[in-house]
Amino acid sequence: MDMQATKKKLGLKEKYAHMTRGLDWETTYQSMDKVFPQAAFEGIKIHDWDKWEDPFRLTMDAYWKYQAEKERKLYAVLDAFAQNNGHLGVTDARYINALKLFLTGISPLEYVAHRGFAAAGRNFPGVGPRVACLMQSLDEVRHAQTQIHALSNYNKHYNGFHDFKHMIERVWYLSVPKSFFDDAFSAGPFEWMIAIGFSFEYVLTNLLFVPFMSGAAYNGDMGTVTVGFSAQSDEARHMTLGLECIKFMLEQDPDNLPIVQKWIDKWAWRGTRVLTLVGMMMDYMLPKRVMSWKEAWEIYFEQNGGALFNDLARYGIKVPECLSQAAIDKEHISHQAWATFYQYSGAADFHTWMPTDEEMDWLSAKYPNTFDKYYRPRFTHWREEAEKGNRFYNSTLPMLCQVCQIPMLFTEPDDPTQICYRESEYQGEKYHTCSDGCKHIFDNEPDKYIQAWLPVHQIYQGNCFPEGTDPTAEGFNPLAEVLKWYHVEHGRDNLDFEGSEDQKNFAAWRGMATKNV
Amino acid sequence: MAVKALKHYQFPAADTQDKFHGNQLVYVGWDKHLFFCAPFAFCLPPNTRFGDLCDKVLPQAFSAHPEWSQVDLSKAVWKKSGQPWQPDMNKTLAELGIGHKEALRFETPGLNGIQGSCS
């Protein structure tokens, strides 16, 4: 007798429908507005949450399966890397400083992204986006953990990897990425999605991950490359979520357009400013360069981003105005940022150095309009001074931008020899910003930015010394006390690469690995 | 514009003058000298003489520059909040109307930085 076999497995589409729709109910003890208190206050109008479409149609069961497989592969590579002293295979110990910047400046953001997407998932009334946010939240905590695990191998051998968790709350340049995420997390769930889901994960993510992960590959760091590969398929999903979210908002109600446009304008600029640190890393911190910051900006922002904005034009979205300044800045910011870290190297958790002649030639070839004219004379002078034993360390605190919190190092769009000053007044108090973009953001929501925890001002208020320090005591050295409060060990974690413990150890260990000593 | 928020959104400014123990912030930048990556922030008593700022405070910050020895700040061209302004060396910050978080800039005509690169 023929038995009619029941169909055992659901198709992808059916499974997705069952596992992302109809999972919740209309509440009766409390109104839905109270259950989802953050759904409406930003002014975004959603009429039908079921219109949310996840192109990946990923469900939790499949998610666990994929992620577990990736974890197994990743940790096999990380173990092999550790057991074979993989750290000695990198091009040059200067490269390791890029990893310090990554661990202290980027990995903590992955963790905040984890929390932020968990919160967004909680606060969206629709099941589709909630499931997608849940998965992204798990991805982000996984990324934080895998990065920390991968880089902990370096912590065994090199300085500056010892206390990223402590530093992100305190160190002056880490307030730049930290305040970026704090700004997004303290907004509502829809702005969070535009800030992080769209602007950061979609528009700018390639400018963050490609440089660091290709940089790792070019510089022989297999451990970090594998972390990148393990995150890559997640990142593709995050980009899709960011894009889906913006399209969903724009399709749901025409009133959403001006709100979304304002957020895109704000977050594209905020993100561009944060990426200054990446530009500097690409042009100066990788012994073997992948491409210049300018080239990366042209490919990943101007070309790819341009195509994206063309696609969004049918919804009425315009390219953010402030990005015309970014097109000018691409010739300058990496040099300006490296000059800043070079001179404030006394207060940083990584080493800096001046480029060699060969590296300067690479920079002039990549930046024919600007490097020789504006930057080479300065860098050559500093190098000559360092050779004379007079290495330049700036010990006077810089003025910071109230919004991006970067020192006021950026120049006027029409004059690269002039620092760009912008000033606003609010409730009788002066506030300074580094650009029209940051000033515009400040003026839109001054109540938010007047609370900024600006490292320089906090130091002057006396809030950045170890507990029990007496600033009135004789011989009080404020900068030394600030470093202690940062947990940066002077003479070990900071200052020039030349003469550093990292440089000596790497040379000695690599020597043992490659020579008969 | 007001911040869109769930509740009444009002918080104190983080850097009002009362938090600086009797001092105030003053920012000073040397135009066309990007050797110093950004203007400096100083924390000073409001009764600081402008001449003392120029003779005692600024040299510590700027003297690493090879052109500093040629600078005569009494002949520098100053700007306050971006507007042309002439200081009186004998008056204090308060008397000159230099408030908390005032941004001052000076130019030193004839000095154009390392090899004329505005560094």
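Tutor: Gladly; please keep in mind throughout that this is a predicted model.

Student: What makes chain B count as more spread out than a compact globule?
Tutor: The globule rule gives 14 Å for 119 residues, whereas the radius of gyration of chain B is 17 Å, well over that value, so chain B is more spread out than a compact globule. The C-alpha atoms of chain B fill a box of roughly 55 × 30 × 25 Å along the principal axes.

Student: How does the radius of gyration of chain A compare with the value for a compact globule?
Tutor: A compact globule with 517 residues would have a radius of gyration near 24 Å, and chain A has 24 Å, which agrees. The box filled by the C-alpha atoms of chain A, again along the principal axes, is roughly 90 × 65 × 50 Å.

Student: Which elements make up the two chains?
Tutor: Chain A contains 23 helices and four strands, while chain B contains one helix and five strands, and the elements of chain B follow the order β-β-α-β-β-β from the N terminus on.

Student: Why are α10(A) and α11(A) called roughly antiparallel?
Tutor: The axes of helix α10 (residues 205-218) of chain A and helix α11 (residues 222-252) of chain A cross at roughly 160° and come within 9 Å. Angles over 145 degrees count as roughly antiparallel, and α10(A) and α11(A) are therefore roughly antiparallel to each other. Their crossing is left-handed.

Student: Which residues of α10(A) and α11(A) meet?
Tutor: From α10(A) come A:Thr205, A:Phe209, A:Met213, A:Ala216 and A:Ala217, and they meet A:Thr224, A:Val225, A:Gly228, A:Glu235 and A:Met239 in α11(A). By class, the residues of the contact of α10(A) with α11(A) are six nonpolar, three polar and one charged.

Student: How do you know what to call the arrangement of α5(A) and α6(A)?
Tutor: Helix α5 (residues 107-123) of chain A and helix α6 (residues 127-155) of chain A have axes that come within 8 Å and cross at roughly 165°. The crossing of α5(A) past α6(A) is left-handed.

Student: What does the contact of α5(A) with α6(A) consist of by class?
Tutor: There are 10 nonpolar, seven polar and three charged residues in the contact of α5(A) with α6(A).

Student: What makes β3(A) and β4(A) a pair of strands?
Tutor: Pairing requires at least two bridges, and strand β3 (residues 422-426) of chain A and strand β4 (residues 429-433) of chain A pair over five bridges, in the antiparallel sense. A:Tyr426 stands opposite A:Glu429 in β4(A). The hairpin of β3(A) and β4(A) has two residues between the strands, and in this hairpin A:Gln427 takes a positive phi near 50°.

Student: Why is the pairing in the sheet of chain B called mixed?
Tutor: Two of its pairings show both senses: β1(B) and β5(B) run parallel and are joined by five bridges, whereas strand β3 (residues 77-80) of chain B pairs with β5(B) in the antiparallel sense over four bridges. The five strands form an open sheet in the order β2-β1-β5-β3-β4 (chain B), with mixed pairing.

Student: Which strands of this sheet are at the edges, and what makes them edge strands?
Tutor: β2 and β4 (83-85) of chain B each have a single partner strand, so one side of each is left without a neighbour in the sheet. From one strand to the next, the twist averages 35°.

Student: Where does α1(B) lie relative to the strands?
Tutor: α1(B) lies across β1 and β2 of chain B and runs at about 140° to β2(B).

Student: How many residues does each chain bring to the contact between chain A and chain B?
Tutor: Chain B brings 42 residues and chain A brings 45 residues. On the side of chain B that touches chain A, β1 (24-30), β2 (40-44), α1 (50-62) and β5 (102-107) of chain B each supply at least two residues. That side of chain B has 25 nonpolar, 10 polar and seven charged residues.

Conventions
Residues numbered from 1 in each chain as written. Chains lettered and ligands numbered in written order. Predicted model: local features only at pLDDT ≥ 70, side-chain atom pairs only at ≥ 80, totals over all residues. Axes fitted to C-alpha atoms, helices over the stretch in contact; angles between N-to-C directions. Parallel < 35°, antiparallel > 145°, perpendicular 65-115°, else oblique. Left-handed = near helix turned anticlockwise from the far one by under 90°. Contact = placed C-beta atoms within 7 Å. Nonpolar A, V, L, I, M, F, W, Y, C, P; charged D, E, K, R; others polar. Rg over C-alpha atoms; globule rule 2.2 N^0.38 Å.
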